[in-house]
Amino acid sequence: MVLHKGKVVLEKGYGNTNYESKIPVTGSTIYDIASVTKTTATTAAVMYLYEKGLLDLDKTLKDYLPEFSNTGKAGITIRNLLMHQAGFISFIPFYKELLDTRNNLLPEYVSNYKQADFEVPVTEHVYLKDGYPFLMMQRIKNSELSGALKYVYSDNDFILLGKIVEKLTRQTLDAFVQEQFYQPMSLTNTMYKVYNEYPLPLIAPTEDDKLFRKGLVWGYVHDQGAAMMGNVAGHAGLFSNAMELAAFYQMLINGGHLNGKKYFKKETIDLFTAYQTPISRRALGFDKPEKNNSDANFKDAYPARYLSSTAFGHTGFTGTCVWADPANEIVYVFLSNRVYPNAANNKLSSLNIRQRIHEVIYETLMKGYFGALSICNPAIP
């Protein structure tokens, strides 16, 4: 899906969502958007709370999650969580604790059906023991930090941000973003727990998980940690389609407005989508183009050549990305299920598919205007 100046210039699905029944991809196919959840759900919720004066970017973990008070993580700021420079390791493979030495699921933690004390849905045939998500939070609380302030992309940062949103709103993260954003925007395919609302043929399957879930993951979140949290987490779990993601990011380009309703102040969007730190390209929650993109060659440019310094977005492990460029008024959405049936042969990355499509979009839309493109790239701090 491509928008230019707020209008659809390309909406097309290619191929099928699987190899067996050959379900064709359409513009309305619903995908597990993986880490695009970080911006479309969690960061948006943080922006809302910041704008309402309920959350201070320079307050710390202990201010919002008192259980971190007596840990070495007490002083980590919300700002550093958003920029992935809090010092957390990138992720914790929680699911491995549920497997014995032969990779069988441990019955004391997992049931093949919903029953008393096993009510946390992982997939339709895997239910986690009640209370285990609490133990996962304990693992994060007791995990090691890298020490020095540096950039380490970490799911743990956004798991904690999701918990902070829930603490401040007194709602689950999925309920809050549904109420504040997706429902008033009429985004009917954007949600957590999509398996409760839509039949499987409308959803792209993700992976035939032979290790942990022992079957096809379809309609349930692909990320193992998010699955063990009941399919709702700050770092992953959201599903959507191309049109609805394009609408959400067009709202941000519009300065917070969509269809006559205001969701954010422009000043809030400008703050959260701007470069923030000298040690990485990150904004607050959002990813950004590399700061040397104007000098980079094809291979090193990220996410692609030609983007202005105002651009922001995110990618997802399942083969997704969304990028919005306010200066050039372009929104680019790419959705795929590249981990189906498994992630072993990742041609999406090895062939730079997302990047190459992105660059063709700019070369097509901005043909004859490359002088203007350079004007849109002021010096970056």
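In the hairpin of strand 12 (312-316) and strand 13 (residues 320-325), three residues lie between the strands, and Gly-319 among the residues of this hairpin takes a positive phi near 105°. The hairpin of strand 13 and strand 14 (residues 330-334) has four residues between its strands, and here Glu-329 takes a positive phi near 55°. Helices (H or I, at least four residues) and strands (E, at least two) are DSSP runs numbered from the N terminus, and two strands pair if DSSP finds at least two bridges between them. This is a predicted model, in which local features need pLDDT of at least 70 and side-chain atom pairs count only at pLDDT 80 or more, while totals for chains, interfaces and linings use all residues. Residues are numbered from 1 along each chain as its sequence is written, and side-chain values use heavy atoms, with hydrogens and water left out.

**Strands 12, 13 and 14**

- Strand 12 and strand 13 pair in the antiparallel sense over five bridges, with Gly-313 standing opposite Trp-323 in strand 13.
- Strand 13 and strand 14 also pair in the antiparallel sense over five bridges, and Trp-323 stands opposite Tyr-332 in strand 14.
- Strand 13 is mostly covered, since six of its six residues are buried, where buried means under 20% relative accessible area, exposed over 50% and partly exposed in between (1.4 Å probe, protein chains only).
- Thr-320, Val-322 and Ala-324 point one way from strand 13, whereas Cys-321, Trp-323 and Asp-325 point the other way, and all are buried.

- Three strands form an open sheet in the order 4-6-5, with antiparallel pairing.
- The edge strands, each pairing on one side only, are strand 4 (110-111) and strand 5 (120-123).
- Strand 4 and strand 6 pair in the antiparallel sense over two bridges, and Val-110 stands opposite Leu-128 in strand 6.

- Not counting residues up to four places away in sequence, Phe-248 touches Thr-40, Ala-44, Phe-181, Tyr-182, Met-185 and Leu-187, contact meaning heavy atoms within 4.5 Å.

**Salt bridges**

- Twelve salt bridges are counted under the rule that a side-chain nitrogen of Lys or Arg lies within 4 Å of a carboxyl oxygen of Asp or Glu.
- The side chains of Glu-359 and Arg-305 meet in a salt bridge (3.0 Å, N to O), a pair that links distant parts of the chain, with Glu-359 in helix 11 (residues 353-365) and Arg-305 in the loop between helix 9 (266-272) and strand 12, 54 residues apart.
- Glu-359 is buried, with a relative accessible area of 2%, whereas Arg-305 is partly exposed at 26%.
- Arg-305 also meets Glu-363 in a salt bridge (3.8 Å, N to O); Glu-363 lies in helix 11 and Arg-305 in the loop between helix 9 and strand 12, so this pair ties together parts that are 58 residues apart in sequence.
- Glu-363 counts as partly exposed, at 31% relative accessibility.
- The side chains of Lys-210 and Asp-208 meet in a salt bridge (3.1 Å, N to O); Lys-210 is exposed, with a relative accessible area of 66%, and Asp-208 counts as partly exposed at 28%.
- Arg-281, Arg-282, Asp-287 and Glu-290 are linked in a network of salt bridges.

**A nonpolar surface patch**

- Val-9, Leu-10 and Tyr-14 make a nonpolar surface patch of about 300 Å², accessible areas coming from the Shrake-Rupley method with a 1.4 Å probe and, for residues, with only the protein chains shown counting as cover.
- Patches are made of residues with over 30% relative accessible area and no salt bridge, like charges being joined within 9 Å and nonpolar side chains (Val, Leu, Ile, Met, Phe, Trp, Tyr) within 5 Å.
- Tyr-14 lies in the loop between strand 2 (7-10) and strand 3 (31-32), and this residue counts as exposed at 57% relative accessibility.
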